[in-house]
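Biologist: I'm new to this one and would like a close look at a single part before anything else. Could you walk me through it slowly, and then show me what else is there?

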Amino acid sequence: MSVTNTFASAADDRVFRLVIACPDQVGLVAKVSNFLANYNGWITEASHHSDPSIGWFFMRNEIRASSLPFDIKGFVQAFQPIANEYGMYWRVEDSGVPKRVLLMASKESHCLADLLHRSMDGELPASIIGVCSNHEDLRRMVEWYDIPFHYIPVRKETKDADFAKLNELMDELQPDVTVLARYMQILPPELCKTFEGRVINIHHSFLPSFAGAKPYHQAYQRGVKLIGATCHYVTDLLDEGPIIDQDVIRVSHSHTIADLVRLGRDVEKAVLARGLRYHLEERVIIHENKTIVFHH
């Protein structure tokens with residue numbers, strides 16, 4: 001269920017995003033709503049979902065920040081007793097504080113260029129703090145956007161040391177989320193675990209049907225009718241993390257391999273941008289290896 005209040009003025013568009021996951025029980029919606037009402041909190045968007053198969057409840061509210069008598073720290077202090085009472089896993093974020101995003105890529109530019117352009121146009125509520133690549137090919141493009149470019153090669157004979165440098169860079173930059181925009185290296189398990197729920201990847205949706213090299217060539221040989229892409233969180237299990245977003249596009253016998261590659265890139269760009277936006281807007285709740293995504 002999702003309800004959006006359309007009367008909030010543009011001048012007051014800064015919101016607190018309250019996200020909750022807890023065991024399902026009677027009175028949860030009323031408890032949270034009464035809490036916000038007691039402080040004159042103006043809810044501009046409200047979503048919740050109950051999953052009877054696992055007995056869990058999920059909620060996301062946007063509250064106009066100017067309607068509340070406290071800042072984020074005050075909100076946390078006031079809400080914590082309710083969270084303790086109901087055993088909630090929860091967080092609250094201020095939309096006025098842009099999240100720090102680190103982008104990573106290898107040689108293919110389509111996903112990276114799309115995210116950089118969206119950021120420049122103000123489409124992404126985030127601050128891109130840098131781009132890291134294991135190749136130099138995209139440096140000029142990145143630096144045109146006045147964004148720092150970090151070159152960390154990943155070589156077979158020094159892979160552990162190279163990934164240690166990547167870990168150091170991430171510790172130094174402190175990104176809220178890292179996006180693998182066609183970064184063609186497999187992150188080591190320890191790095192995946194350290195940044196669990198904070199690394200997003202994109203891949204073509206042929207997996208596992210067409211794993212390995214040249215998936216679009218394999219798909220062409222099989223005469224597929226749909227191609228697509230999947231945006232997901234990175235885990236230590238390759239391409240098996242919780243899925244954020246997916247999409248497909250129809251193709252036919254008249255399309256060439258080059259057409260499949262071109263159309264596939266279009267889908268990848270759109271799905272990755274959408275998945276990142278959902279994450280930045282706190283619309284995604286990870287539960288075990290699945291996600292609840294409150295679309296808008």
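This is a predicted model: local features need pLDDT of at least 70, side-chain atom pairs count only at pLDDT 80 or more; totals for chains, interfaces and linings use all residues.

Which helix does D162 lie in?

Modeller: Happy to. D162 sits in helix α5, which runs over residues 159-173. Its relative accessible area is 2%, and with buried meaning under 20%, D162 counts as buried. If you skip the residues up to four places away in sequence, D162 touches I152, P153, V154 and R155.

E190 is found in helix α6, residues 189-194, and at 51% relative accessibility it counts as exposed. Going from E190 to T235 takes 45 residues along the sequence, yet their C-alpha atoms are 9.7 Å apart in space. G223 is in the loop between α7 (215-222) and β11. With 34% relative accessibility, G223 is partly exposed. Pair G223 with P81, 142 residues away along the chain, and you get 58 Å between the C-alpha atoms.

The largest nonpolar core has 33 residues, and the ones that touch the most other members are L103, L112, L115 and L272. Several elements each supply at least two residues of this core: the strands β6 (99-105), β7 (126-133), β9 (177-180), β10 (199-204) and β11 (226-233), along with the helices α3 and α8. Of these, α8 gives the most, with seven residues. Another core lies apart from that one; it has 22 residues, among them F16, C22, F57 and I63.

Let's zoom in on L272, one of those residues with the most core contacts. Leaving out its neighbours within four places in sequence, L272 is in contact with C111, L115, V179, A181, I200, N201, I202 and C231.

Helix α3 covers residues 110-120 and helix α8 covers residues 257-280; their axes come within 9 Å and cross at roughly 45 degrees. That angle makes α3 oblique to α8. The crossing of α3 past α8 is right-handed. On the α3 side the contact is made by H110, C111, D114, L115 and R118, while α8 brings R265, E268, K269, L272, A273 and L276. Sort the residues of this contact by class and you find five nonpolar, one polar and five charged.

Helix α1 (residues 28-38) and helix α2 (residues 72-86) have axes that come within 11 Å and cross at roughly 160 degrees. Angles over 145 degrees count as roughly antiparallel, so that is how α1 and α2 run relative to each other. Their crossing is right-handed. Here L28, K31, V32, F35 and L36 of α1 meet F75, A78, F79, I82, E85 and Y86 of α2. By class, the contact of α1 with α2 comes out as nine nonpolar, no polar and two charged residues.

Key: Residues are numbered from 1 along each chain as its sequence is written. Side-chain values use heavy atoms; hydrogens and water are left out. Axes are lines fitted to C-alpha atoms, for helices over the stretch in contact, and angles run from 0 to 180 degrees between N-to-C directions. Helices (H or I, at least four residues) and strands (E, at least two) are DSSP runs, numbered from the N terminus. Angles under 35 degrees count as roughly parallel, over 145 as roughly antiparallel, 65 to 115 as roughly perpendicular and the rest as oblique. A crossing is left-handed if the near helix is turned anticlockwise from the far one by less than a right angle, and right-handed if clockwise. Contact means heavy atoms within 4.5 Å. Ala, Val, Leu, Ile, Met, Phe, Trp, Tyr, Cys and Pro count as nonpolar, Asp, Glu, Lys and Arg as charged, and the others, Gly among them, as polar. A nonpolar core is a set of buried Ala, Val, Leu, Ile, Met, Phe, Trp, Tyr and Cys residues joined through side-chain atoms within 4.5 Å. Buried means under 20% relative accessible area, exposed over 50%, partly exposed in between (1.4 Å probe, protein chains only).
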